[in-house]
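Reader: Could you walk me through this one, starting with how the helices pack?
Author: Gladly; have a look at it first, and then we can go through it piece by piece.

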Amino acid sequence: MAASNPFAVFTEFLPTDWQQTLYQTQQNGKAVFSLAHKNIQGQVRQFLNAAPDPQVNKLSPELLNSLTIARDQLLAKDWQDAEAGIYPKSLLFDDDWLSFVQYYPQVWFDLGAVWDKIRNQTHQQFDPEIDLSGYPDYYLQNFHHQTDGYLGELSANLYDLQVDLLFNGTSDAMRRRILKLIKQKLGADGDRQASRLTILDVACGTGRTLKFLAASFPQASLHGIDLSPTYLRKAQQNLTGISKIFPQLSQGNAEALPYQSNWFDLITNIYLLHELPTPVRQTVLVECFRVLKPGGILMVMDSIQVKDRPEWEPMLENFPQLFHEPYYRHYINDDILTHLAKAGFVDVEERPHCFSKSWLAVKPA
Ligand SMILES: C[S@@+](CC[C@H](N)C(=O)[O-])C[C@H]1O[C@@H](n2cnc3c(N)ncnc32)[C@H](O)[C@@H]1O
């Protein structure tokens, strides 16, 4: 079962050119909506004098134009991969519109608390009811100014929607870029692809990547781990009914994965590295290496870095000014290839995908 929403299932019966037009229309609609949302939100903030204007670089018309080109290329690849059967086409239409209707107003209701944090420069605020014991200090942050950081119900409910607004509707298209690369890598070792793979998504959040993995590798045994109990509950809800084999979700720290060594064929890790201090980035990669089987594959995806698109540096610098991201500034210049090599990985392939990039690495057999 690839898609969980009736509209996505319905699109499977449409002629191909209709599907393509529908996909482009949907993505253009998301982009217009996201840009309008951010614009109006900024104007309301200014009108109410709710928080100081962020100190951001002005983006040149050339830079904005290159962003549009990169986005169009990303969406074209997403369509082509679905068309080629890398993943079911219904995934392209699998947005949860009921959740959107339910949670979009809450994004606005939460803005008072967000502006409060920006005004008072408070980035470690949690509801006193939340038990903060056992979490690493670096984690106890209101990342993106989220209410209760990663530890609240509201944060878990709004996360997918907010990430998609941030990326102008391209977040899932970027996450899906990993699937073709993984399949190509496994293709060199066809037996493994055909047999039941054991896959772990580290920092699985609300389960978006697990959903795409389940659709692309229906026979695989899927596992997800995250530090946040509320995000895991959301993942459980999002993943119910998506495949015959329900992913096993566990709460745990990626720095000390609660799995035996040499266990997984594939580990994915999406949008975690930029939220970790540098030494922790290294520890997490070492842990991934430990629990991968010899010959196993690690697929990491995160934000693009300065070296990939130096001309985008003004935009990358704006991100931590607009959202609370304490480790991002260092991340965009960090040498992940060296971290991977130090952890023991070989054959590393590094690729940009619009606002994101991926590293595919192998544990030597
Ligand atoms: C930006 S979100 C990415 C979530 C998901 N991978 C996605 O694609 O949307 C970062 C996630 O990493 C989790 N996280 C942060 N530090 C962690 C750690 N040390 N161990 C496990 N999970 C962690 C957070 O709880 C959160 O769910």
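**Helix packing and the ligand shell**

Author: This is a predicted model. In it, Phe100, Tyr103, Tyr104, Gln106 and Val107 of helix 4 are in contact with Leu154, Asn157, Leu158, Leu161 and Gln162 of helix 6.

Reader: How many nonpolar, polar and charged residues are in that contact of helix 4 with helix 6?

Author: The contact has seven nonpolar and three polar residues, and no charged ones.

Reader: And at what angle do helix 4 and helix 6 pack?

Author: Helix 4, residues 97-109, and helix 6, residues 153-166, pack at about 100°, and their axes are 10 Å apart. Angles of 65 to 115 degrees count as roughly perpendicular, and helix 4 and helix 6 are therefore roughly perpendicular to each other.

Reader: Switching to helix 14, which residues are buried there?

Author: In helix 14, which spans residues 336-343, the buried residues are Ile336, His339, Leu340 and Ala343. They lie on the same side of helix 14, because the arc they cover around the axis is only 95°.

Reader: What do those buried residues pack against?

Author: The buried residues of helix 14 pack against helix 11 (278-291), and also against strand 6 (346-353) and strand 7 (356-362). Just after helix 14 comes glycine 344, with a positive phi of about 115°.

Reader: Now the ligand: how many residues surround it, and which are the closest?

Author: The ligand is surrounded by 19 residues, of which Ala203, Gly205, Ser228, Ala254 and Ile270 are the closest. By class, the shell around the ligand holds ten nonpolar, four polar and five charged residues.

Terms used
Residues numbered from 1 in each chain as written. Predicted model: local features only at pLDDT ≥ 70, side-chain atom pairs only at ≥ 80, totals over all residues. Near = placed C-beta within 6 Å. Nonpolar A, V, L, I, M, F, W, Y, C, P; charged D, E, K, R; others polar. Buried ≥ 20, exposed ≤ 12 C-beta atoms within 10 Å, placed from the backbone. Helix = DSSP H or I, 4+ residues; strand = E, 2+ residues; numbered from the N terminus. Arc of directions from axis to C-beta. Contact = placed C-beta atoms within 7 Å. Axes fitted to C-alpha atoms, helices over the stretch in contact; angles between N-to-C directions. Parallel < 35°, antiparallel > 145°, perpendicular 65-115°, else oblique.
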